[in-house]
Amino acid sequence: MGSYIHYTLRDDFDIEKRIETASKMFGALRECIFSKMQVSYQAKRTAYVSIVLPTLLYGAETWAISSGSLRKLQSFHNRCVRSMCHVNLWKTREFHLKTETLLNRLGMRSLNFYLHRRIIKWVGHVARMPLDRLPRKFLTAWVRGPRDKKQPKLHYGTHITTCLKKIGVFDGWYTRAQDRKGWRAVVKGIIEL
């Protein structure tokens with residue numbers, strides 16, 4: 001289940017491989033769990049959140065996700081939700097079913113919720129590491145000099161900043177992250193993004 005590092009150093013290749021692996025996992029469980037009418041929504045949600053979703057988001061804590069890759073991840077998540085609810089795209093359009101309705105039926109959240117929760121949890125963990133640890137050094141590292149024209153505009157620092165701003169803890173987040181129980185409360189308090 002290792003992550004893939006592409007020669008361009010972009011995360012798109014790793015994200016595509018994660019989607020491919022999670023798709024195989026979902027397909028393997030489709031006949032026995034996800035497409036069975038006799039299996040409750042709660043059981044489907046539990047199987048999806050504990051087996052498929054961790055496979056999909058493995059290593060997501062370190063991704064700098066572009067909007068295109070995020071759309072691919074969301075699309076996969078929404079397809080799985082529709083499949084577990086026995087709803088195809090035609091039914092979605094014909095009966096004006098929203099993804100939120102299907103998520104509520106399953107008792108699940110949007111992909112952004114699961115993704116941001118993992119990232120915020122990891123950032124707090126790294127912030128509490130000693131200064132000599134590599135992940136901690138990378139979190140606080142700053143490269144001086146002009147940005148190359150070919151370099152992607154999105155990088156890990158901007159992605160973390162975006163996540164922290166979305167949940168409203170950007171100001172003073174580093175100080176708050178030093179308190180493990182307090183940071184756990186912040187992670188548990190994430191409602192929806």
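**Aromatic pairs, helices and burial**

Analyst: To begin with one side chain in this predicted model, Trp183 has a relative accessible area of 2%, which is under 20%, so Trp183 is buried.

User: Which geometry do the rings of Trp173 and Trp183 adopt: stacked, edge-to-face or tilted?

Analyst: A pair of aromatic rings is described by the distance of the centres and the angle of the planes. For Trp173 and Trp183 the centres lie 6.3 Å apart and the planes meet at 50°. Planes under 30 degrees apart would count as stacked and planes over 60 as edge-to-face, so this pair is tilted.

User: Which helices does that pair link, and how many residues apart are Trp173 and Trp183?

Analyst: Trp173 belongs to helix α9 (residues 173–177), while Trp183 belongs to helix α10 (residues 180–188). The pair links distant parts of the chain, in α9 and α10, with a separation of 10 residues.

User: Is Trp173 buried or exposed?

Analyst: The relative accessible area of Trp173 is 15%. Because the cut-off for a buried residue is under 20%, Trp173 is buried.

User: How many aromatic pairs does the protein hold, and what is the geometry of the one between Trp90 and Phe95?

Analyst: Taking ring centres within 6.5 Å as the criterion, the count is 6 aromatic pairs. In the pair of Trp90 and Phe95, the centres are 6.1 Å apart and the planes stand at 85° to each other. An angle over 60 degrees defines the class, and the pair is therefore edge-to-face.

User: Are Trp90 and Phe95 buried or exposed?

Analyst: Trp90 has a relative accessibility of 53%, and Phe95 likewise has 53%. Since exposed means over 50%, Trp90 counts as exposed, and Phe95 counts as exposed.

User: What do the end C-alpha atoms of helix α6 say about its span?

Analyst: Helix α6 (residues 111–127) has 17 residues, and at 1.5 Å a residue it should span 24 Å. The expected value is 1.5 Å times one less than the number of residues, and the distance between the end C-alpha atoms agrees with it, at 24 Å.

User: How many residues of α6 are buried?

Analyst: The buried residues of α6 include Phe113, Tyr114, Ile119, Ile120 and Val123. The helix is mostly covered, and the count of buried residues among its 17 is 12.

User: How many disulfides are there?

Analyst: A disulfide is a covalent bond between the sulfur atoms of two cysteines. Cys32 is partly exposed at a relative accessible area of 45%, whereas Cys85 is buried at 4%. With a cut-off of 2.5 Å between cysteine sulfur atoms, the number of disulfides is 0.

User: Which helix has the highest confidence?

Analyst: The protein has 10 helices and 0 strands, and its pLDDT averages 85, with 87% of the residues scoring at least 70. Confidence is lowest in helix α7 (residues 134–140), with a mean of 78, and it is highest, at 94, in helix α2 (residues 41–56).

How values were computed. Residues numbered from 1 in each chain as written. Predicted model: local features only at pLDDT ≥ 70, side-chain atom pairs only at ≥ 80, totals over all residues. Heavy atoms only, no water. Helix = DSSP H or I, 4+ residues; strand = E, 2+ residues; numbered from the N terminus. Buried < 20%, exposed > 50% of the residue type's maximum accessible area, 1.4 Å probe, protein only. pLDDT = per-residue confidence, 0-100.
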